[in-house]
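Open your viewer and keep the selection tool at hand.

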Amino acid sequence: MPQSASEATVAKQRPEPKAAGVRAGQQQGRAYTRRRRRARTWLTIALFLLPALLIFGLLVLAPIIIAAYASFFNWNGFGPPTDFIGLGNFQRLFDDPVFIDDLWHGLLLIVLTLVFQLPAALALAMLLNQRLRGRRIYRLIFFAPYVLSEVVTAVLFTMIFSPETGLVNNLLTRIGLESLAIAWLAEPSVVMYTVFLVISWKYFGLHMILYLAGRQAIPEEVMEAAAIDGASSWETFRHVTLPLLGPTIRISIFLSVIGTIQLFDMVYVLTGGGPVHASETMAITMFQVGFRQFEVGYASAISIAMFFLSLIFGLLYQRYVIRRDVEGAVTAMGGR
Amino acid sequence: MTGDRQTKPRRIGRSISLHTVAVLAGAIVIVPLVFGVIGGFKTNGQLTVDPFGLPDPWVPENYTEVLSSSSFWRLLLNSTVIGVATVIGTVGVAALAAFVFARYAFRGRELLFTVFAIGLMFPFAVAILPLFVLLREFNLLNNPLGVILPQIAFGLPITIIILRGFFRNIPAALEESATLDGCSPFGFFWRILLPMARPALATVSVLAIVSSWNNFLLPLVVMNNPENWTLPLGVQQFQTQYASDYARVLAYVVLAMIPALLFYSVAERHLVTGLTGGSIKE
């Protein structure tokens, strides 16, 4: 922009013989069209971006800023917040045994996912990568629960884990294990594990699909080379496949953690967070406090805590663990 | 792989054990679903005595009663309207932005793009409270737009990222020749880029409709009036209302699953492409 502007001034300042004057006029005209074209480009950029910026700013960014602001107030959500209490809500948050337990529940779910769900998904992905008749059908079945809503899944499993008429307890009684037939969703010491089972039922297929795609992206020559060098299947898996699947595995861990931080629907329908907060998550606590007790200021503080947990985890993970895998990670986020 | 070098009996043995594992895993997925379908054909008495066996006699009333209630169809319609509007809005708005992000160089582009990308990490749970307050100010509670607009906003990041990747791969020469032929930027976008991007548009549409269809928290806080509920709200409400009428709840859940599973059987490929960034081989 400045370059073309100065050109134009130089052209103007040179009242020379006729031929030169015409040339200067042409030059001036060209600079003018170029400037106009740039202005038009900027207009295009602005107009094309405007709808996205407007709706994203208003409905995603603004709410997060409002939550941050509201978290410093004692506020019931009606009228503007006036009762400023500084960090009072956050102090209360870290003294709140319910919130501290929310954090432990999240941690438990993440550990269980890392130890059971993801390895099982990985094993199934390796299995579906074999030459196996009907593997397309298997894949279709394993992945199907992913498309069902968490609500539908949770209602179905409420029935399955129901103490009297449920499938699980009936099965246990039949095979002579009555002692194990418990109230799966009402026993405080068990309920988190039951929730984990239902989450795994719904999401193991997603992780399996991610691993399968990752596995198929490994060139066959690499595997053949390992086989020629005399590596056993296990050695090939351990020293070739697993390292090459690294990026995919890191993305799948990333998705599990972010998903756990904002877990709501499944728990809300399965248990409502009960019995006595035994399966409560941060999102459930936030919902109860904000929409049932109208302590919007305090609930906003919980939102902000979730925001920072996601942000810090996301940034650290991207900085130190995934780095180059980001595109894939963000691609897979949309399904959640 | 190594299969070729194995003797035939060993290969058969291996194949059998692989199938055993696959069938067991498949059963874990399918048994709960079949339990639901068959359970819906039972009476509560039958369900208590024998949740496993086939119904005796078959009782279709649970299903027919749900299907003949106008509320079920209204929820289905609401979910469909909200889903379709969300897809059109998300893909339209995101395609415009992705076009600029992919094909124009300007100061602040990467920063702006990062802001959208970070939005990925914050689905509704984080923003739901202030979002509710905002929607109340705009008078959008109990209004389908109160669900559609936020869903568009939260769907933008993923859609923009996927579409930008696709738009980038379309050769610049194409745009130059279109411009020389007198095509405006919007003309190029509308008449050339979008038709070429059809596979990518299908992928992002599938992602958007699945997340809209399954969304629960947002309609839960926005829609008080049962007239406006979506299917997940209906399912949850039905369970609360008929808590002890297991068979009827099962029938309702099964019917609520059918549209999603039908859609899955048609669009599975696009869903997989969207989630993995590339399709899976047969």
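Here is what to select, stop by stop.

This is a predicted model: local features need pLDDT of at least 70, side-chain atom pairs count only at pLDDT 80 or more, and totals for chains, interfaces and linings use all residues. Residues are numbered from 1 along each chain as its sequence is written, while chains are lettered from A and ligands numbered from 1 in the order in which they are written.

**Stop 1: chain A.** Select chain A. It has 15 helices and 2 strands (DSSP runs: H or I of at least four residues for helices, E of at least two for strands, numbered from the N terminus). Of its 336 residues, 40% are buried (20 or more other C-beta atoms within 10 Å of the residue's own, with C-beta atoms placed from the backbone).

**Stop 2: the contact.** Now show both chains. Chain A brings 79 residues to the contact, and chain B brings 82 (C-beta atoms, placed from the backbone, within 7 Å). On the chain A side, helix H2 (residues 18-70) gives the most, with 16 residues.

**Stop 3: H7 of chain B.** Select residues 144-168 of chain B, helix H7. Look for the bend of about 45 degrees at Leu156(B); Pro157(B) follows within four residues. The bend is the angle between axes fitted to the seven residues ending there and the seven starting there. In H7(B), 20 of 25 residues are buried.

**Stop 4: H12 of chain B.** Select residues 231-241 of chain B. Helix H12(B) is largely enclosed by the rest of the structure, because 8 of its 11 residues are buried. Among them are Leu231(B), Val235(B) and Phe238(B). The packing partners of these buried residues include helix H6 (150-160) of chain A and helix H4 (70-103) of chain B.

Notes
Buried ≥ 20, exposed ≤ 12 C-beta atoms within 10 Å, placed from the backbone. Contact = placed C-beta atoms within 7 Å. Expected span 1.5 Å × (residues − 1).
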